[in-house]
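The sequence and the structure are shown first, and the description follows.

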Amino acid sequence: MFYGSYEYNIDEKGRLVIPSKMRELVGSKLFMMKGFEGCISLYKEEDFQKLVQKLQTLPSEKTNVRKYSRLLLASVTELNIDRQGRMLIPTKILKDYKIGTKVAILGQINHIEIWDLDRWNAYKDENEQDFELDAESLLVSDAN
């Protein structure tokens, strides 16, 4: 399970070190794809396969299924992790997602998110006020 947040730098060659606590769970390969709210999502192979299997169960006759599946799967890049725990993020991806050299790496249970650090801080500031209301609406059942 992935959790926690870390601030790291992407080097001049586009390499990013995976935090050591996360690296233990990752192995030597990750699948990078379009995330939500402007981040990049990283999945271990087994969790990526589960995501693909879920997509396969959706009705391809529906426009929104085709649209989501196309955009998501077209964004997938397979990345290898080197012995130093680094992955090389293609320049095009960094540019497309407006990821600068300073990033936030977030654990999200079954995947990892990479955010441009300034964008993450803005997102956090904007949404922090809803934390307790969101917890109430998501975690507290009406039966209590």
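Glu 45 is partly exposed, at 36% relative accessibility; here buried means under 20% relative accessible area, exposed over 50%, and partly exposed in between, with a 1.4 Å probe and protein chains only. The side chain of Glu 45 meets that of Lys 29 in a salt bridge of 3.6 Å, N to O. This pair links distant parts of the chain, with Lys 29 in strand 3 (residues 29-34) and Glu 45 in helix 2 (residues 45-57), 16 residues apart. Lys 29 is likewise classed as partly exposed, at 23% relative accessibility. A salt bridge is defined as a side-chain nitrogen of Lys or Arg within 4 Å of a carboxyl oxygen of Asp or Glu.

The model is predicted: local features need pLDDT of at least 70, side-chain atom pairs count only at pLDDT 80 or more, and totals for chains, interfaces and linings use all residues. Residues are numbered from 1 along each chain as its sequence is written, and side-chain values use heavy atoms, with hydrogens and water left out.

**Overall architecture**

The chain contains six helices and eight strands. Helices (H or I, at least four residues) and strands (E, at least two) are DSSP runs, numbered from the N terminus. Read from the N terminus, the order of the elements is β-β-α-β-β-α-α-β-β-α-β-β-α-α. The C-alpha trace spans about 50 × 40 × 30 Å along its principal axes.

Of the 144 residues in the chain, 35% are buried. A contact means heavy atoms within 4.5 Å. Among contacts with a separation of 6 or more, 60% are accounted for by residues 24 or more positions apart.

**Surface and charge**

The accessible surface of the chain comes to about 9,800 Å², and carbon and sulfur atoms hold 51% of this surface. Accessible areas come from the Shrake-Rupley method with a 1.4 Å probe; for residues, only the protein chains shown count as cover.

The chain carries 21 positive and 23 negative charges, whose mean positions are 9 Å apart. Lys and Arg count as positive and Asp and Glu as negative, while His and the chain ends are not counted. Each charge is placed at NZ of Lys, CZ of Arg, CG of Asp or CD of Glu.

**Salt bridges**

The structure holds seven salt bridges.

| Positive residue | Negative residue | N to O distance |

Tyr 3 lies in the segment before strand 1 (5-9) and is exposed, with a relative accessible area of 58%. Together with Met 1 and Ile 109, Tyr 3 makes a nonpolar surface patch of about 420 Å². Such patches are made of residues with over 30% relative accessible area and no salt bridge, with like charges joined within 9 Å and nonpolar side chains (Val, Leu, Ile, Met, Phe, Trp, Tyr) within 5 Å.

Gly 107 belongs to strand 7 (residues 102-107). This glycine is buried, with a relative accessible area of 11%. Leaving aside residues up to four places away in sequence, Gly 107 touches Phe 2, Tyr 3, Gly 4 and Met 22.

Gln 108 is found in the loop between strand 7 and strand 8 and is partly exposed, with a relative accessible area of 33%. Gln 108 and Tyr 3 are 105 residues apart in sequence, yet 5.6 Å apart in space, C-alpha to C-alpha. With residues up to four places away in sequence not counted, Gln 108 touches Phe 2 and Glu 113.

**Backbone angles**

Most residues other than glycine have a negative phi. Ile 109, in the loop between strand 7 and strand 8 (112-116), has a positive phi near 65°. This residue is exposed, at 60% relative accessibility. Lys 98 also has a positive phi, near 50°. Lys 98 lies in the loop between helix 4 (91-96) and strand 7 and is exposed, with a relative accessible area of 59%.
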